Structures are given as C-alpha cells and as structure tokens.
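Biologist: I have just opened this one and would like a tour. Could you walk me through it?

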Amino acid sequence: MDEVEYDVTKARQEKTKVGSFINPDGTQERKKVPLAQSEAFLTDLRDTVCERVNDYRLEEGPVTKEKAFERFAPRTGDKIYKEFKKFSFYSDAYRPLKFACESIIEEYEDEILSLIAQEARYLADRLCDGNADLCETSTNQNEL
C-alpha cells in the first residue's frame, strides 16, 4: 500500500479536468477535480502499482526480528534515479510478492478506491481496520 499511498498523495496536489458540460449559452465547460479522484488516474494506478515490487527487499527488524518488505529503490524524481535505473534488480523471487499485490488490488479494489475518494490517509491501516482477514496487524504494516 506504500506505493498506492505515495501516488495518491502526489496526485492529490494536482487537478485535472473531467467531464464535459454544455451551458445554456452553448459554451462547453469541464469540471476540475483532484487528479487522485479521476477515473484515468485510478485505472492507471490499479494497472501499474504492482509493477514496482522489485523496488522492495525483505528486511528483518533489528529489535523485533519481524520481516517486512521495505523500499530500497529511489523514486522517479530523486536525484540518483537515472543512475539507479541503469541496473536491473529483477528476480523470480519477486513473483510471489507481485502476485500478492495483484491479488490484494483485485480483491479489495472497491475498498481501496473508496478510501481514495474519501481522501483517507494511511490507506494500509484503514484498509486493514476494515478487513481483519487481510492483515495480521495494522501497525508498521508495509505491504504494497
């Protein structure tokens, strides 16, 4: 959910024009909405978010010894991004993580989109709170 949260937070800062309304005088008007609530953004997010699983690695907490996936790759706007992307980190080891991501996005799509529409923060925690079977614990959960 970190990737979803990151993209949504960025998109909330932008507006996009949607729909087309014809006024009585014949002029056409388009409504501005936050990009994060546009159908095009949400469709793209749903279709591409799980492609970034190879930007994560499995880390073990130094104190708790609990394992969680943590992002290690820089994001597109980061200074080191161009150099970093020259290297490939893909491995078959990411397949189960990608499958899990796609399964969560597919199964909980309506709930995720609803939380985005409500402009909810901490999407992973909110999604876990409403779906006890999805998460063992909602604290420090770092799922895609």
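Biologist: Which are the buried residues of helix α1?

Modeller: The buried residues of helix α1, which spans residues 2–11, are Glu3, Val4, Glu5, Asp7, Val8 and Ala11, where buried means under 20% relative accessible area, exposed over 50%, and partly exposed in between, with a 1.4 Å probe and protein chains only. Please keep in mind that this is a predicted model, in which local features need pLDDT of at least 70, side-chain atom pairs count only at pLDDT 80 or more, and totals for chains, interfaces and linings use all residues. Residues are numbered from 1 along each chain as its sequence is written, and side-chain values use heavy atoms, with hydrogens and water left out.

Biologist: And what do the buried residues of α1 pack against?

Modeller: They pack against α2 (39–48), β3, β4, α4, α5 and α6 (123–130), with contact meaning heavy atoms within 4.5 Å.

Biologist: OK, stepping back, how many helices and strands has the chain?

Modeller: There are 6 helices and 4 strands in the chain, and from the N terminus on they run α-β-β-α-β-β-α-α-α-α. Helices (H or I, at least four residues) and strands (E, at least two) are DSSP runs, numbered from the N terminus.

Biologist: What box do the C-alpha atoms fill, and how much of the chain is buried?

Modeller: Taken along the principal axes, the box is roughly 65 × 40 × 25 Å, and buried residues make up 31% of the 144 residues. Of the contacts between residues at least 6 apart in sequence, 49% join residues at least 24 apart.

Biologist: Back to the helices: how do α4 and α5 cross?

Modeller: The axes of α4 (residues 95–107) and α5 (residues 109–117) come within 4 Å and cross at roughly 75°; these axes are lines fitted to C-alpha atoms, for helices over the stretch in contact, and angles run from 0 to 180 degrees between N-to-C directions. The two helices are therefore roughly perpendicular to each other, since angles under 35 degrees count as roughly parallel, over 145 as roughly antiparallel, 65 to 115 as roughly perpendicular and the rest as oblique.

Biologist: Which residues meet there?

Modeller: On the α4 side they are Ile104, Ile105, Glu106 and Glu107, and on the α5 side Glu109, Glu111 and Ile112. Asp110 is also found in helix α5, and Asp110 is exposed, with a relative accessible area of 61%.

Biologist: Switching to the strands, is Val18 buried, exposed or partly exposed, and what does Val18 touch?

Modeller: Val18, which lies in strand β1 (residues 15–22), counts as partly exposed at 27% relative accessibility. Leaving aside residues up to four places away in sequence, Val18 touches Arg30, Lys31, Val33 and Ser38.

Biologist: What about Gln13, where is that?

Modeller: Gln13 is in the loop between α1 and β1, and Gln13 is exposed, with a relative accessible area of 66%. The C-alpha atoms of Gln13 and Pro34 are separated by 7.3 Å, and the two residues are 21 apart along the chain.

Biologist: Last one: what is the phi of Lys65?

Modeller: Lys65 has a positive phi of about 65° although it is not a glycine, and Lys65 is found in the loop between β3 (56–60) and β4 (67–71). For context, most residues other than glycine have a negative phi.
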